[in-house]
Amino acid sequence: MASTSAPRSSLSSAASRIATAASNLSSDSQTLIAEIRKSFGIIKGIAVDLEKAQRSDKVKELENTVLELLESCDDCTNLSEAIRGVGNNYQPSGQPTDFGKLLEDKIATLKEESPFVPQNNPLYRQFKEAIWNVHHVGQPMPGEEQEDIVMTSTQNILLNMTCPLTGKPVIELENPIRCMDCKHIYEKDPVMHYIRTKGQALCPVAGCPKFLQEGRLICDPLLRIEIEEIRAACTSNKAVTNVEDYTEINDDID
């Protein structure tokens, strides 16, 4: 029995070390993605200033840079997800493991499932809207209906817009944390209390099959940036609505 349990224990330990290393590498990738997103915000601000100065040629150059940046961000996201997936699902065996091949296959699958399409990227839309609104605030972008204006450019970045336990808007949470497994976002104290009182705590979002674990709920590097982007988009939309209301008032006076 001893000779059998020792190898099993060793394999289990190896799997645990691989999972920990994968988690650390994935976290490093998330930090890089957060820095890319910060750079996007800076470039967008510069592009808006150039559009105000009628430097459309320079704005176009920055738009090309944004596309390259967002594609790199997409690649980093796929790499981060691939590392996490391989680490979580790795099962040691007596044969050598080609981790490079495992990562390549996982990344290829992720790209096939969700290819990079600039027009479908919420951040690219946000960039285009910011430039358009410099001279056309309150007007729909070409090819879009009027009601599209009130939609937030980053609406699909966060999986849920309110805490499933408190109902509080995500942009108003004091200590937001995200489940690494299902990606739902919560206020920290209520969800930790929920986990401790439930034992096996199923995610309270309707239809979500994931169980919540304290160690799998974190404020990852991207979360606060994404929340700030949503908050900024909401502020921008309120400004557009105010302009539209003001226009309607003037029309009534005329």
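Q: How many bridges join S1 to S5, and which way do the two strands run?
A: In this predicted model, S1 and S5 are joined by two bridges and run antiparallel.

Q: Which residue stands opposite cysteine 179?
A: Cysteine 179 faces leucine 217, which belongs to S5.

Q: What is the strand order in the open sheet?
A: The open sheet has three strands in the order S2-S1-S5, and the pairing is antiparallel. S2 and S5 are the edge strands, each pairing on one side only. H5 packs on this sheet, where it touches S1, S2 and S5, and its direction makes about 95 degrees with that of S2.

Q: Which residues of H5 are buried?
A: Helix H5 spans residues 188–198, and its buried residues are Val191, Met192, Tyr194 and Ile195. These residues lie on the same side of H5, because they cover an arc of only 155 degrees around the axis.

Q: Why would residues three or four places apart point the same way in an α-helix?
A: An α-helix has 3.6 residues a turn, so residues with that spacing point the same way.

Q: What do the buried residues of H5 pack against?
A: They pack against five strands: S1 (176–179), S2 (185–187), S3 (201–202), S4 (211–212) and S5 (217–218).

Q: What comes just after H5?
A: Glycine 199 follows, with a positive phi of about 80 degrees.

Q: Changing topic: how many disulfides does a search of the whole structure find?
A: The search finds zero disulfides.

Q: Is cysteine 179 buried or exposed? And what about cysteine 219?
A: Cysteine 179 is buried, with a relative accessible area of 1%. Cysteine 219 is partly exposed, and its relative accessible area is 34%.

Q: Back to phi: which residue other than glycine has a positive value near 75 degrees?
A: That residue is lysine 183, whose phi is near 75 degrees. Lysine 183 sits in the loop between S1 and S2. It is partly exposed, with a relative accessible area of 30%.

Q: What is the phi of glutamine 54?
A: Glutamine 54 has a positive phi of about 65 degrees, although it is not a glycine.

Q: Where is glutamine 54 found, and is it buried or exposed?
A: Glutamine 54 is in the loop between helix H1 (2–52) and helix H2 (56–89). With a relative accessibility of 58%, glutamine 54 counts as exposed.

Q: Which residues is asparagine 121 in contact with, leaving aside its neighbours within four places in sequence?
A: Asparagine 121 is in contact with Leu70 and Phe116. Leucine 70 is 51 residues apart from asparagine 121 along the chain, and their C-alpha atoms are separated by 8.4 Å.

Conventions. Residues are numbered from 1 along each chain as its sequence is written. This is a predicted model: local features need pLDDT of at least 70, side-chain atom pairs count only at pLDDT 80 or more; totals for chains, interfaces and linings use all residues. Side-chain values use heavy atoms; hydrogens and water are left out. Buried means under 20% relative accessible area, exposed over 50%, partly exposed in between (1.4 Å probe, protein chains only). Helices (H or I, at least four residues) and strands (E, at least two) are DSSP runs, numbered from the N terminus. The arc is that of the directions from the helix axis to the C-beta atoms. Contact means heavy atoms within 4.5 Å. A disulfide is a pair of cysteine sulfur atoms within 2.5 Å. Two strands pair if DSSP finds at least two bridges between them. Axes are lines fitted to C-alpha atoms, for helices over the stretch in contact, and angles run from 0 to 180 degrees between N-to-C directions.
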